[in-house]
Amino acid sequence: MGAQSSDLLDVERIREDFPILEREFGGEQLVYLDNAATSQTPEPVVETIADYYRTTNANVHRGLHQLSQEASIAYEEAHDRVAEFIGAEGREEVVFTKNTTESMNTVAYAWGLAELGPGDEVVMTEMEHHAALVTWQQIAKKTGAEVKYIRVDDEGYLDMDHARELVTDDTEMVSVVHVSNTLGTVNPVGDLADLAHDHDALCFVDGAQSVPHMPVDVQDIDADFFAFSGHKMCGPTGVGVLYGKEHLLEEMQPYLYGGMMISKVTFEDSTWHELPWKFEAGTPPICQGIALAEACDYLEDIGMDRVRRHGEELAAYAHDRLEELGDVDVYGPPGDDRAALVSFNLGDVHAHDTSEILNEFAVAVRAGDHCTQPLHDKLGVAASARASFYIYNTREEVDKLVDALEATRELFA
Ligand code: 7TS
């Protein structure tokens, strides 16, 4: 790799933690720009996983034997670490799930089915990921509630006047994405939580694209629920997080039933374990949770402020270089006001073709609707290509993307 791309991060040093980045395809070194889908995993996290299986592997909460005790302590402490990382009060407020999607469904089923009914409204945004959009849509169908969508304006920002119109005393839930995985817009989730609370509604924030990229304090935002995934923040797949205010999680009934989540069971009835275990039925993602805590350490050692600025710088640079290409449609806010990703279309070339040709140059981007089909309908395109950045990406890699796009354009000329 060439010179480091940022004064903020020692990118060359960071890249040493990610040997996968040395892979070559057809003689070209991998340029991994699909981080919004899944980030790569640094050596300390890989080591934590290997070490866990080498030395500590056992089920939690069950055994009194030494291994089970060690695994249980490490797993419980992982909740404390994640709680600290997002500014939660403590482990009671941090449920480990499979991913953001499951966190969303947990609230939709556990809270939504019980609390929503005809006349109630769930307010979302036009830029929601399907994880939220489809889930609330279906829960609304089951309960007779109605869903409404806050408009996205032509620049890719939320129309906050429209938000103030839509959120009324009929609103029970305002479910908003913190950072759009398609537009790169950073939404004013604190203001939206305040708006929800002004109308005695709750606020669910989808932080799948924010927690990996910026300092997040759930109490600062005053979110009632907050969700994210381990695999987008240097952690493994198979673990996600549901944060919920303790009193809300306390009042909610579980969504999944079974072992581990109970206190007392008779043939007639059962009572629930204390938080957060009440929401973690069955054998939980033990190793993954412990590795996620390591990922929090890894990111915090770099510094989340610097992680954010590095991503923003690369996105701004990519945005400007793509605009310079001329016949590229770039979606979302201006270059200097977006999170670490850029979605675009190159002339009339279908995004799938673009990404296939980029793949020939070992440049990995995502093409499709990025699980935001209604937003793509609104943009008037079936699909887009998306370059998304992380701590190990460089300006030189953005240049390679742009060079490969120029070659793509020539192929389709
Ligand atoms: N919410 C947002 C904003 C997301 O970007 C994603 C994943 C999810 C929820 C769901 O996360 P999961 O871990 O449950 O799958 N987004 C993407 C993406 O943009 N490309 O692949 C997955």
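Strand pairing comes before the sheet: I count two strands as paired if DSSP finds at least two bridges between them. Helices (H or I, at least four residues) and strands (E, at least two) are DSSP runs, numbered from the N terminus.

**Basis.** This is a predicted model, where local features need pLDDT of at least 70, side-chain atom pairs count only at pLDDT 80 or more, and totals for chains, interfaces and linings use all residues. Residues are numbered from 1 along each chain as its sequence is written, and side-chain values use heavy atoms, with hydrogens and water left out.

**Sheet.** I looked up the strand order. The sheet is open, has seven strands and reads E4-E10-E9-E8-E7-E5-E6, with mixed pairing. Strand E4 (94–97) and strand E6 (146–150) are at the edges; each has a single partner strand, so one side of each lacks a neighbour in the sheet. From one strand to the next, the twist averages 20°.

Strand E5 (residues 121–125) and E6 run parallel, joined by five bridges. I checked threonine 125: its bridge partner in E6 is isoleucine 150.

**Strand E9.** Is E9 buried or exposed? I take buried as under 20% relative accessible area, exposed as over 50% and partly exposed as in between (1.4 Å probe, protein chains only). Five of the five residues of E9 are buried, so the rest of the structure largely encloses this strand.

Strand E8 (residues 202–206) runs parallel to E9 through three bridges. Aspartate 206 has alanine 227 of E9 as its bridge partner. E9 and E10 are antiparallel, with five bridges. There, phenylalanine 225 is bridged to glycine 244 of E10.

**Helix over the sheet.** Helix H3 (residues 66–86) lies across E4, strand E9 (225–229) and strand E10 (240–244), at about 115° to E4. Axes are lines fitted to C-alpha atoms, for helices over the stretch in contact, and angles run from 0 to 180 degrees between N-to-C directions.

**Helix pair.** Helix H11 (residues 304–324) packs on helix H14 (residues 395–412) at about 25°, with axes 10 Å apart. That makes the two roughly parallel (angles under 35 degrees). I then listed the contact (heavy atoms within 4.5 Å). H11 gives Leu314, Tyr317, Ala318, Arg321 and Leu322; H14 gives Arg395, Val398, Asp399, Val402 and Leu405.

Note on methods: Angles under 35 degrees count as roughly parallel, over 145 as roughly antiparallel, 65 to 115 as roughly perpendicular and the rest as oblique.
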